[in-house]
Structures are given as C-alpha cells and as structure tokens.
Amino acid sequence: MRLRILVLALGTFALGTDGFVIAGILPAVGHDLAIPAAVTGQLITAFALTYAIGAPVLAVLTSDLARKRLLILSLAGFAGANVLAALAPSYGVLMLARMLAACCAALYTPNASAAAVALAPAEARGRALALVTAGLTVATVLGVPLGTWIGTTLSWRATFWLVVVLGVLAAVGVMALFPEIANPPATPLRVRFTLLRQPRILTALSLTVVALAGVFTMYTYIAPLLLGVTHLGGAGISVMLLLFGLAGVAGNALGGQGADRWGAFRTLIPAISIVALVLVLLPFAATSALGAALMLLIWGIAGWTFTPVQQYRLLALAPAQPGIILSLNASAIYLGIGLGAALGGLVVHGGSFVLLGLVAALWQVVALGILFVSARQGAALSARPEALVTAEARVPSPTKEHTAVR
C-alpha cells in the first residue's frame, strides 16, 4: 500500500513542479522565444485559469471512467502535454501545451487523493492523504529549484523533459502496481456549486482568490526581479527559490498549529499583514542578495501559513461536504493564481517592480477586508436565535483526515 501511495505522490510531485517552475524559468523562456516577461507570465495565467474552470467540469465528464484508467490517462496526457511544451516552436504552441497540462492536472490531483483513501485501511487514510499532498509540498522545496537550475543552466526545454520523465514514471507505476479501484459516487455539477449560495462560504472562497492573486502578482515575476534587481544568475535564483520553499514548509506547519491554538482569524490577520508588508519591501530589499533572501524567508513562512488555516475554516463551514468544499477551494486557488499572473503582467509591462509590489500588497489589504467581513457574517449568524451554535462550533476536534488536509 505504501509503495502505491508513493507512486501517487510522485504524480503530485510532477504536477506541482510543472505548475510552479515556470516562474523560475520565465526569463529563459522569454529570451528564447523573443517575448517580454509580461507576456511570458501569461503562461501561468493560462495554466491556472484552465485548472480552475476545468477541474469541476472534467470531474463530472469523467465520473463514469474507471479510476485506475483515469489516473493512467491523466498522467499520460500530462506527460504528452509537456513533450509538446519541450518541443514548442512558438509561444502559441507553448500556451496550448500549458492548457492541456492543466486539464490533466485537474483530473489527476483529486482522483489521486480519492485513490489514496480507497487503497488505505481506515486507520491509515489520514496518513495516506498527507503523503499524496506532500508531493506538492516537496515540489516547491525541491522540484521548482531543481527545474529552475536545469532551465537556466541547460535549457528551459530540459525542464519540461524532466517533468515528462516524472509523469511517465508515475503512469508506469500506476499501471504496474494498482488494482482496479471502485468509482466514488458521481456528484452532479449543480450539486458541487450549491455551496456557493451560502454567503459565508462565498465570502471565504473570495478570500482565497484575492489572497492568492496578491501572492502571484509578485511570485510570477520573481525570477525577472532577482535577475534584474538582485543581479543573480540561474544558480542564485534556484537557491532563493529553495529558501522560499523551505520557509513554506515551516509556514505550512505553523498554519496548522496556529489554527488549533489561536483560531483561524487570529492566525490569518498577522500572516496576511506580514505578506502585504513583504511585498512592498521586496523590490527595495532585493538590491542585495541578503535582503532578497530575508524577504523571501519571511514571505515563505507567512504566505504558506494561509493555505492550511483557510482549509481549516472552509471545513468548519461545510463539515458535511469536505470533498466538495476543498475542490471549490482548489478552483479558487488557481483562479487567484491566474488573476494575479495576468495583472502582474500588465504592471510589469507598464511600470516597475516597485509598482508591482504595491499592487500585490493592495490585494492583501483587500484580503484583510474580506476576512473582517467574513468574521462579521459569523458574528451575525451566531447572534440569531436559530443559530446559537455556529458552523465552526459544530465541527468536531480535528481528525486524522483533517490533519492530512492541513
């Protein structure tokens, strides 16, 4: 069972590396294809928006397909899309490849989690989920810096070949090791969006979109910033991204502990505020390698605190439908990534990195406003006689499954 779960984690590692490494090789892609950074950054926008829109639609369209076959096909399609990216003769073909890869990622990720639950015994399901999602975390720590180093040292095309190899290995592993897996009950698209009719959930998901948009307004163009302001080469940029990833692991752990110890609201306020401040200061601090490293370290810790705490909040708002609420949050994450990358491209094209930091921080200020609105909605709900017990109070103590999600 553990070997099978590791194969699933290899798949999420490949997908995570592919999804985020483009930020590290942005200058190399732009130079080779003779396009400005603002245009190259839209490759992230295309990937993210395709994932956000495609995930719920593709889940419904493929609900009758056998799970093992779906995992194999999604990984094979993902590898094929990256072959197309590695061979892309033009920006348009590369854009198409990124969109195809996003569709395959949107199919694989939720089904890999579902397969982990189906394969593991009841007492080990939480650990199985944690191991699968750990593939994404390891991708930010190792996959993105490694892919960036390969892309800047050899060629950005070599980075995509690395992702192809990872995807093929995962597909072969599923093909060779996995039994047939029973399909979960199909959930119609209209049922998936029923939760959006609840104002508190809609507000909470809006917070995800806005907070991630702020982060990726800057993160999408972090390599051009480190290249143009800090004057780092490929190896230096890789080290900075490795530092950011390691800080993210610490931030993820801090977020889970903070949600349990201080509550979501008290954890998110300082985390979002610190990220806003870092985004403003980063273009100034990045004039030195030490200043850039310090800002990325603080940003990684504070920024990665957000995701587990936000998931904790959403599970509290929809305890009876954890799978649906987390899938909606995944779409919200990628919608935010797409919006941030798109807006960041406009700012970089017409302004400077200083302006980019200000715009990115403004997103975080709006996120704080949404957080306070969400808190007021909760207070209003609690004050009503028919809702003396709030949604959060109805959530039991975190189980293994909740811990795995965090």
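What follows is a chat about this predicted model, from the whole chain down to single residues.

Student: How many helices and strands does the secondary structure of the chain come to?
Tutor: The chain has 17 helices and zero strands.

Student: And what share of the residues is buried?
Tutor: Of the 406 residues in the chain, 53% are buried. The accessible surface is about 16600 Å², and carbon and sulfur atoms account for 72% of that.

Student: What about contacts, how many join residues at least 24 apart?
Tutor: If you take contacts between residues at least 6 apart in sequence, 85% of them join residues at least 24 apart.

Student: OK, on to the inside. Which residues touch the most other members in the largest nonpolar core?
Tutor: Those are Leu8, Leu94, Tyr219, Trp299 and Ile337, in a core of 108 residues. Helix H6, residues 91–119, gives the most to this core, with 14 residues. Apart from this core lies another one of 13 residues, including Leu195, Val209, Leu317 and Ile325.

Student: Let's pick Trp299. What does Trp299 touch?
Tutor: Leaving out residues up to four places away in sequence, Trp299 touches Val215, Met218, Tyr219, Ile222, Phe244, Val275, Val278, Leu279, Leu282 and Trp304.

Student: Nice. Changing topic: where is Thr45?
Tutor: Thr45 sits in helix H4, which covers residues 42–61.

Student: Is Thr45 buried or exposed, and why?
Tutor: Thr45 counts as buried because its relative accessibility is 9%, and the cut-off for buried is under 20%. Not counting residues up to four places away in sequence, Thr45 touches Gly338, Ala341 and Ala342.

Student: Now backbone angles. What is phi of Ala34?
Tutor: Phi of Ala34 is near 60°, a positive value in a residue that is not glycine. For context, most residues other than glycine have a negative phi.

Student: Where is Ala34, then?
Tutor: Ala34 is in the loop between helix H2 (26–33) and helix H3 (37–40). With a relative accessible area of 68%, Ala34 is exposed.

Student: And what's the phi of His231?
Tutor: His231 has a positive phi of about 65°, although His231 is not a glycine. You'll find His231 in the loop between helix H11 (222–228) and helix H12 (234–261).

Student: Buried or exposed, that His231?
Tutor: His231 is exposed, because its relative accessible area is 64% and the cut-off for exposed is over 50%.

Technical notes:
Residues numbered from 1 in each chain as written. Predicted model: local features only at pLDDT ≥ 70, side-chain atom pairs only at ≥ 80, totals over all residues. Heavy atoms only, no water. Helix = DSSP H or I, 4+ residues; strand = E, 2+ residues; numbered from the N terminus. Buried < 20%, exposed > 50% of the residue type's maximum accessible area, 1.4 Å probe, protein only. Contact = heavy atoms within 4.5 Å. Areas by Shrake-Rupley, 256 points an atom, 1.4 Å probe, with all protein chains shown as cover. Core = buried A, V, L, I, M, F, W, Y, C linked by side-chain atoms within 4.5 Å.
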